[in-house]
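Hello,

Here is the structure I promised to hand over. Please have a look, then read my notes below.

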Amino acid sequence: LPPVLGVVLLIVTLIAVWVVWGVVLFWDNPETFFFSSFWKAFKSVFVLMTTSNNPDVALPAYHVSRAYAIYFVPFLTLTQFLLLPLLLATVYNSYREGLKRDVLLICGHQKDLLAMVFD
């Protein structure tokens, strides 16, 4: 299991748990149409994680009650300050390991070729 896949599975699991909580929390409220079904909520929360639609998802619920910020603020805090940097670090480490392997392979080939040419 590649490390990046493990982090992606962690993020998807967190989103799925948060979506279930959101669908249960906002189910009876017609103003929170982003949470009308599991898949619509999953898409909305996934995009919310990227903060490209940050106020659009939270504002309908926030207009109903400011207490709904308890749902959105921890999610954004977890994803923005813990999980997305973890994903970036994992991708960077995988890239660095691959680059190191390629550089060592190229250096080995250069040494072999130089030895072959000058011997």
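**Helix packing and burial**

Helix H3 (residues 54-64) packs with helix H4 (residues 69-118) at an angle of about 155°, and their axes are 9 Å apart. H3 and H4 are therefore roughly antiparallel (an angle over 145 degrees). This is a predicted model: local features need pLDDT of at least 70, side-chain atom pairs count only at pLDDT 80 or more, and totals for chains, interfaces and linings use all residues. Residues are numbered from 1 along each chain as its sequence is written, and side-chain values use heavy atoms, with hydrogens and water left out.

Which residues of H3 and H4 make the contact (heavy atoms within 4.5 Å)? From H3 come Asn 54, Val 57, Ala 58, Ala 61 and Tyr 62. From H4 come Ala 69, Phe 72 and Leu 76. They divide into 7 nonpolar, 1 polar and no charged.

Now H2. This helix covers residues 38-49, 12 residues in total. From first C-alpha to last, H2 reaches 16 Å, close to the 16 Å expected at 1.5 Å a residue. Its buried residues (under 20% relative accessible area, 1.4 Å probe, protein chains only) are Ala 41, Phe 42, Ser 44, Val 45, Leu 48 and Met 49. They pack against helix H1 (3-26), H3 and H4. Just after H2, Thr 51 takes a positive phi of about 60°.

Last, Asp 112. It sits in helix H4. Is Asp 112 buried or exposed? Asp 112 is exposed (over 50%), with a relative accessible area of 53%. Its C-alpha is separated by 62 Å from that of Val 23, 89 residues apart along the chain.

Best wishes

Notes. Axes fitted to C-alpha atoms, helices over the stretch in contact; angles between N-to-C directions. Helix = DSSP H or I, 4+ residues; strand = E, 2+ residues; numbered from the N terminus. Parallel < 35°, antiparallel > 145°, perpendicular 65-115°, else oblique. Contact = heavy atoms within 4.5 Å. Nonpolar A, V, L, I, M, F, W, Y, C, P; charged D, E, K, R; others polar. Expected span 1.5 Å × (residues − 1).
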